[in-house]
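Let's take a friendly walk through one protein chain, looking at how its parts touch. Have the sequence and the 3D view open as you read.

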Amino acid sequence: MDSLTLFCTASLLFGGLYWFVCVLGSAERKGKHAVNLSGGSISREKVQDKYKQYWSFFRRPKEIENAEKVPAFVDTFYNLVTDIYEWGWGQSFHFSPSIPGKSHRDATRIHEEMAVDLLNIKPGARILDAGCGVGGPMRAIAAHSGANVVGITINEYQVNRARIHNQKAGLDSLCEVVCGNFLQMPFADSSFDGVYSIEATCHAPKLEEVYAEIFRVLKPGSMYISYEWVTTELYNSDYPEHVEVIQGIERGNALPGLRSYKDIAETARKVGFEVVKENDLAKPPAQPWWTRLKMGRIAYWRNHILVTVLSWLGIAPKGVVDVHEMLFVTADYLTRGGDTGIFTPMHMILCRKPENKASTRD
């Protein structure tokens, strides 16, 4: 083999390796690359231990019933999964109905914009994103509405990621991110013109508590919209397969327990909201939200091989392989939940805080 052939071969191998490691699998242009996967705020040497600690939570069911321990449990989960979510899924940690002729990214943006449109928000208004993650919805909503969006997430690593993305998108003047628990928010009473939560309040041990806190910070006459994870009218707790699917979704998503669709409006009214509208956005004529998971099976296996290699080389911390495998298994449970119709991640409820209601802390 002459030197030119050797050079060309080496260049192709190097270019292919660079593309496979640094480009392949990154869901968004400004998201994470495989070589940067981490355990969030968890130090590299403790990622595997934290993963085992996360699973031990489900081996002790009484721990799940202890509401005081849930926030730390959820925080650990998002330290473990945030980088993988960004790398393989994107900056919006939620689902959306498929739209023929539209990319997943466009369908996601449209789903987010619909939320703020239903709030009837004007430019310059101050609205809250309760459970903002790394801020994908926040940026889409701020750009679409011209509103000032304040996001709150319990995970400090996500706060830092969201701020980086906000600055890169040129939206840091409209988007603010706060680290905190949405069950005890550091905001004054009646301080927001609108509130939304997109697949976030499912992490609250008691829905009534987060709804009451949102009611408190919302101005009288203003609106709140939430996309909730729930079991549907097709779910039957007497069917072992149904129970297996729902428990698999709970374990793989740090959920204290999925609620029934029947509980949502009842809880909203209990804390004082007027329910304006309620429906499952996943039902026909909406296109299935879970097809994105089915179409991504090859990508999951491809990415799993890559994560395994990076972990073996010491580039990714030990434990990341376990987390990625957990998410792969969870994707199957989510798909089964969608296929059978027993689960939806987008049960939408739109509420209004009555004009004559003033909120105060107890």
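## Trp 229 and its surroundings

Leaving aside neighbours within four places in sequence, Trp 229 is in contact with Phe 95, Glu 199, Cys 202, Ile 249, Asn 253, Leu 255, Leu 258, Arg 259, Leu 334, Phe 343, Thr 344 and Pro 345; contact means heavy atoms within 4.5 Å. This is a predicted model, in which local features need pLDDT of at least 70 and side-chain atom pairs count only at pLDDT 80 or more, while totals for chains, interfaces and linings use all residues. Residues are numbered from 1 along each chain as its sequence is written, and side-chain values use heavy atoms, leaving out hydrogens and water.

Here are two nonpolar cores, that is, sets of buried (under 20% relative accessible area, 1.4 Å probe, protein chains only) Ala, Val, Leu, Ile, Met, Phe, Trp, Tyr and Cys residues joined through side-chain atoms within 4.5 Å.

| Core | Size | Residues named |
|---|---|---|
| Largest nonpolar core | 46 residues | Most contacts inside it: Tyr 196, Trp 229, Ile 249, Trp 289 and Phe 343 |
| Another core, apart from it | 30 residues | Among them Tyr 51, Val 70, Phe 73 and Val 74 |

Now for a loop residue. Ala 286 sits in the loop between β7 (274-280) and α11 (291-295), with helices (H or I, at least four residues) and strands (E, at least two) taken as DSSP runs numbered from the N terminus. Ala 286 has a relative accessible area of 22% and is partly exposed, a class that runs between buried and exposed (over 50%). Not counting residues up to four places away in sequence, Ala 286 touches Pro 97 and Leu 281. The C-alpha atoms of Ala 286 and Ile 99 are separated by 8.0 Å, although the two are 187 residues apart along the chain.
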